[in-house]
Amino acid sequence: LAVFCGSRDTSNHNIVKEAKILAKTLVSKDITMVYGGARSGIMGIIADEMIALDGKVIGVMPKILVDKEIAHPGLTELVIVDDMSVRKTMMNEMSDAFVAFPGGCGTMDEIFEVITLNQIEYFNKPVGFANIDGYYDGIHEFLKTSVANTFMYPSHLEAIQFEATSEAIVDAIVKGVSLN
């Protein structure tokens, strides 16, 4: 399961709590996490928790960020790539499903690429948003507006999961998919 999320800290304590719950949920279901590889922010919180619970965590990080010493040192595996574009491609290929946990523009870039690849039938992989504290309500409204204006098929929106908790989004995403 690829988890796209922020590499910065958040002041929202519920997001931090849900990040730890996400990690515990993934480990309890023996799901390997593929993520951006950072040791900081929400990325670091989820990775730290999974590592502490003996979970499998694969980071994919461009060399420029590794050189800035932000790579998590305790990962199961760290894949170093040339740039952000290669990172997204590698994460898309390595992952069977995708979750956008609260994050910023990088998170949006990553999840929208996956949504687009599903729409053009490049692949058909489950995708969803961990809508913690309504974080992604605006994105959900945007997608509904896209459907209302015929820029997106209703079936494409119906395929995207929005859930309010970490456990619920993992449960919604993993239905019928093997993520080990």
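**Exercise 1.** Describe how helix α1 packs against helix α8.

*Solution.* Helix α1 (residues 13-28) and helix α8 (residues 166-174) pack with their axes 8 Å apart and at an angle of about 40°. Because angles under 35 degrees count as roughly parallel, over 145 as roughly antiparallel, 65 to 115 as roughly perpendicular and the rest as oblique, α1 is oblique to α8. The crossing in which α1 passes α8 is right-handed. On the α1 side, the contact (heavy atoms within 4.5 Å) is made by E18, A19, I21, L22, T25 and L26, and on the α8 side by S166, E167 and V170.

This is a predicted model, in which local features need pLDDT of at least 70 and side-chain atom pairs count only at pLDDT 80 or more, while totals for chains, interfaces and linings use all residues. Residues are numbered from 1 along each chain as its sequence is written, and side-chain values use heavy atoms, with hydrogens and water left out.

**Exercise 2.** Find which residues L26 touches, not counting residues up to four places away in sequence.

*Solution.* With those neighbours left out, L26 touches L1, V3, I31, M33, M50 and V170.

**Exercise 3.** Decide whether N118 is buried or exposed, and list what N118 touches.

*Solution.* N118 lies in helix α5 (residues 105-119). Since buried means under 20% relative accessible area and exposed over 50%, with partly exposed in between (1.4 Å probe, protein chains only), N118 counts as buried at 17% relative accessibility. Not counting residues up to four places away in sequence, N118 touches F123, N124, K125 and V127.

Key: Axes are lines fitted to C-alpha atoms, for helices over the stretch in contact, and angles run from 0 to 180 degrees between N-to-C directions. Helices (H or I, at least four residues) and strands (E, at least two) are DSSP runs, numbered from the N terminus. A crossing is left-handed if the near helix is turned anticlockwise from the far one by less than a right angle, and right-handed if clockwise.
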